[in-house]
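Dear colleague,

Please find below the structure that I am handing over to you.

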Amino acid sequence: MARVNLDGKTIPMLAICMIGGGGFIGSHLCEKLMAETNHKAVVVDVSSDKIIHLLDRSLPWAHRIEFHQLNIKSDSRLETLIKSSDLTINLAAICTPADYNTRPLDTIFSNFIDAIPVIKYCTENKKRLIHFSTCEVYGKTIGSFLPEEFRKDPKYFILKEDESPCIFGPIDKQRWSYACAKQMTDRLIYAEHAENGLQFTIVRPYNWIGPRMDFIPGVDGPSDGVPRVLACFSNSLLRGEPLKLVDGGESQRTFLYIKDAIDAVALMIDNPERANGYIFNVGNPDNEVSVKELAELMIKAYAKVSGVPASSLSTVNVSAQDFYGKGYDDSDRRIPDMTIITRQLAWKPRTPLDELLDVTIQYQHRTYSRAMERELSKPSN
Ligand code: NAD
Ligand code: UDP
């Protein structure tokens, strides 16, 4: 039976050029596209490790997925791939905070300069673009600058796509190189739309987490690498080391389960008339915790799946300077306003934090505990 969109229209089969489609979000999107739609995925990435399970030629969707190993910084095949697709989704980015202040040039090039040709090819070839921005473009909340008594007023901390300002720290706080580059890309896309008619949708993920996020240092990533918080905490749990709370873990985040998030992206793909021209916050405002609370929840969840007593797992405070080095700064709080996505796409997140942590930690334990045992039994130099 033909699939229909929110307006009852038959959904045409699309060829989707997914740049950076071999990463965490891309891998989950590919799974959904293959299992539940008849769209074709033309995946462009430097690595296929996270989608390798989808690329076996004996799978029923083998004719609907192709992988092109290329670096978009320097490959002339990119324009042809965009030109021959109906829709481009740009996910390619350096997006781990530990890189923002230590590799600011790579961060700015990846999140701004490298996106320019993608946007240009979409405009020139009249192709629709779904671009991945970030909730980090809002920076710090207005509330963080106000006395305590004002901070409880939602108008000082709820982040709205069409109203909230973007508040970054000074230039020597290089943490903001990512947010600033992403913001510039959002502005370029918006300007291409305004002046040249580019059909765009901008997605602002709010801490999407789940299986296959980032890497575990020393197991499937560099031993001195620092991934995002979910993988940092998983790494410490697997090693039986204390979870490190940067500056006491007081910053707050809202976490969204990757599967809920992918449902929102699928709605954007299949409902262009409702999604074109919009910037969408995609997050779960009900899943807010401080980083310290996240650590406590992850300890509980890990104790359940591993049998390791929670009493033997702990946290330790570290300064941002020691953990990330010079130039780190932080977003204090990120709560998405959901008005636009609810109105346009009737999307709502479903998975509560404890449930999504259970599923994710079961995955981390299943995937990494053996490899970690081998890693820990190696003689240290
Ligand atoms: P990810 O690092 O897992 O995926 C990014 C992919 O892009 C990687 O597979 C990487 O190899 C690829 N890539 C980077 N540079 C490339 C290049 N020059 N050529 C080809 N491929 C390249 O990250 P993710 O979590 O899947 O994030 C995807 C997008 O969503 C990013 O733009 C990120 O900024 C944005 N985002 C994600 C979150 C989140 O919660 N996961 C939050 C905010 C923003
Ligand atoms: N963080 C932490 N310990 C870690 C890793 C991260 O306390 O081992 C904190 C970090 O300082 C930030 C929050 O966790 O306040 C979320 O960090 P993440 O890297 O996931 O990305 P962000 O949400 O800042 O983009």
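This is a predicted model: local features need pLDDT of at least 70, side-chain atom pairs count only at pLDDT 80 or more; totals for chains, interfaces and linings use all residues.

**Ligand 1**

A backbone N or O atom of Trp208 lies 2.7 Å from an oxygen atom of the ligand, and the side chain of Arg228 has an N or O atom 2.9 Å from an oxygen atom of ligand 1. When ligand 1 is taken alone, it exposes 820 Å², of which the protein buries 88%. Helices α1 (24-36) and α6 (176-196) are the elements that give two or more residues to the shell around this ligand.

There are 23 residues around ligand 1, and those that come nearest are Phe24, Asp45, Asn71, Tyr178 and Trp208. Sorted by class, this shell contains 13 nonpolar, 7 polar and 3 charged residues.

**Ligand 2**

An oxygen atom of ligand 2 is 2.9 Å from a backbone N or O atom of Val229. The side chain of Arg253 places an N or O atom 2.7 Å from an oxygen atom of ligand 2, and a polar side-chain atom of Tyr328 is 2.8 Å from an oxygen atom of the ligand. Taken alone, ligand 2 exposes 530 Å², and the protein buries 96% of that area. The elements that give two or more residues to its shell are α7 (229-239), β9 (243-246) and α11 (320-324).

Of the 19 residues around ligand 2, the nearest are Lys244, Arg253, Tyr328, Asp330 and Arg334. This shell is made up of 10 nonpolar, 2 polar and 7 charged residues.

**Cysteines**

How many disulfides does the count give? The count comes to 0. Cys30 is in no disulfide, and the nearest cysteine sulfur, which belongs to Cys17, is 11 Å away. Cys30 is buried, with a relative accessible area of 0%. Cys180 is likewise in no disulfide, the nearest cysteine sulfur being that of Cys166 at 9.3 Å. Cys180 is partly exposed, and its relative accessible area is 43%.

**Annotated domain**

Finally, an unreviewed UniProt entry places the feature "domain: NAD-dependent epimerase/dehydratase" at residues 16-283. Over residues 16-283 the chain is 35% helix and 18% strand, and the end C-alpha atoms are 24 Å apart.

Yours sincerely

Conventions. Residues are numbered from 1 along each chain as its sequence is written. Chains are lettered from A and ligands numbered from 1 in the order in which they are written. Side-chain values use heavy atoms; hydrogens and water are left out. A residue is near a molecule or strand if one of its heavy atoms lies within 4 Å of it. A polar contact is a pair of N or O atoms within 3.5 Å; within protein, one must be able to donate a hydrogen and the other to accept it, and residues adjacent in sequence count only if both atoms are side-chain atoms. Accessible areas come from the Shrake-Rupley method with a 1.4 Å probe; for residues, only the protein chains shown count as cover. Helices (H or I, at least four residues) and strands (E, at least two) are DSSP runs, numbered from the N terminus. Ala, Val, Leu, Ile, Met, Phe, Trp, Tyr, Cys and Pro count as nonpolar, Asp, Glu, Lys and Arg as charged, and the others, Gly among them, as polar. A disulfide is a pair of cysteine sulfur atoms within 2.5 Å. Buried means under 20% relative accessible area, exposed over 50%, partly exposed in between (1.4 Å probe, protein chains only). UniProt positions are given in the numbering used here, feature names are shortened, and annotations may be inferred rather than shown by experiment.
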